[in-house]
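An account in running paragraphs is requested.

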Amino acid sequence: MPGRVYAVANQKGGVGKTTTAVNLAACLAEAGERALVIDLDPQANATSGLGVRANGTSSYDLLDGAPLAELTQPTRWPNLFLVPAKPDLAGAVVELARREDGERFLAESLGNSADGFTFVFLDCPPSLGPLTVNALAAADRVLVPVQAEYYALEGLTQLLRSVELVRTRLNPRLDVAGVLLTMVDRRTRLAADVEAEVRRHLGKLVFAASVPRSVRLAEAPSHGLPAIAYDPHSAGSEAYWKVAMELVERA
């Protein structure tokens, strides 16, 4: 299958964007696909979550026009690659806002150079600022993790409006890969109600699989491991395998 670039985006923090990007990439890599994570968040959680510390080049250089091949690092897992982030990426927000056509820098840098990977995941910061807009302008699809909590639909509606705006102004090929329910606590009535409401409003856009609230998912990044490597048999790991297979079917 041809390579595809996914922006993993939601303007809300703490909804599982990085966990989703890292674990989907890890699942697909283990299944034999070449997968790349590009960390676009100055907090660099995807970078540390894959056991890497960026000392040299980073995604900041990608936004500055450096070739993708020079910035891509192998991880300790076969088929899984990373363009790490560093805190200086925060400075790119100001620079991109000042530059003419600053919304398309990432798209121009990626060009056709991502074709060596079957799946590329752009891990976006928790905002709809210049870095996320660059990711949406460069992506084929946007994958939206949504926490199963009370205000989920409110933030989701705002993001989908932004996606439509980017599609109209910057990237006509951009489509929604799907909405993924995360941190679902099956013991609570609230989670069930939120899930039912999201599915009722968005129908087939919502992944059939959802990701449960999981201690193992929360612990894994502190060990520099994807959850599927930290505890392959945990409920969270098994959930991400199901999401990964569903993503392949939707591609």
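The following paragraphs treat the strand pairings and then the cavities.

The model is a predicted one. Strand β2 (residues 35–39) pairs with β4 in the parallel sense, over 4 bridges, and Leu36 stands opposite Phe81. Strand β3 (residues 73–74) pairs with β4 in the antiparallel sense, over 2 bridges, with Gln73 standing opposite Leu82. The hairpin of β3 and β4 has 5 residues between the strands, and there Asn79 takes a positive phi near 75°.

The structure holds 2 cavities of 30 Å³ or more. The largest comprises about 50 Å³ of space, and its lining consists of Tyr60, Leu63, Asp64, Ala92, Glu95, Leu96 and Arg99. Two or more lining residues come from each of α3 (59–63) and α5 (89–98), and α5 gives the most, with 3 residues. By class, this lining has 4 nonpolar, no polar and 3 charged residues.

The second largest cavity comprises about 30 Å³ of space. Its lining includes Asn10, Lys12, Val146 and Gly155. The elements that give two or more residues to this lining are β6 (141–147) and α8, of which α8 gives the most, with 3 residues. The lining divides into 4 nonpolar, 3 polar and 2 charged residues. Gly155 lies in α8 (residues 152–169) and counts as buried because its relative accessible area is 9%, under the 20% cut-off.

Definitions and conventions: Residues are numbered from 1 along each chain as its sequence is written. This is a predicted model: local features need pLDDT of at least 70, side-chain atom pairs count only at pLDDT 80 or more; totals for chains, interfaces and linings use all residues. Side-chain values use heavy atoms; hydrogens and water are left out. Two strands pair if DSSP finds at least two bridges between them. Buried means under 20% relative accessible area, exposed over 50%, partly exposed in between (1.4 Å probe, protein chains only). On a 1 Å grid over the protein atoms alone, a cavity is a set of points where a 1.4 Å probe fits but cannot get out, and a pocket is an open set with protein on both sides within 12 Å along at least five of seven lines; lining residues have an atom within 4 Å of a point. Grid points are joined across faces, edges and corners, and a volume is the space filled by probe spheres set on the points. Ala, Val, Leu, Ile, Met, Phe, Trp, Tyr, Cys and Pro count as nonpolar, Asp, Glu, Lys and Arg as charged, and the others, Gly among them, as polar.
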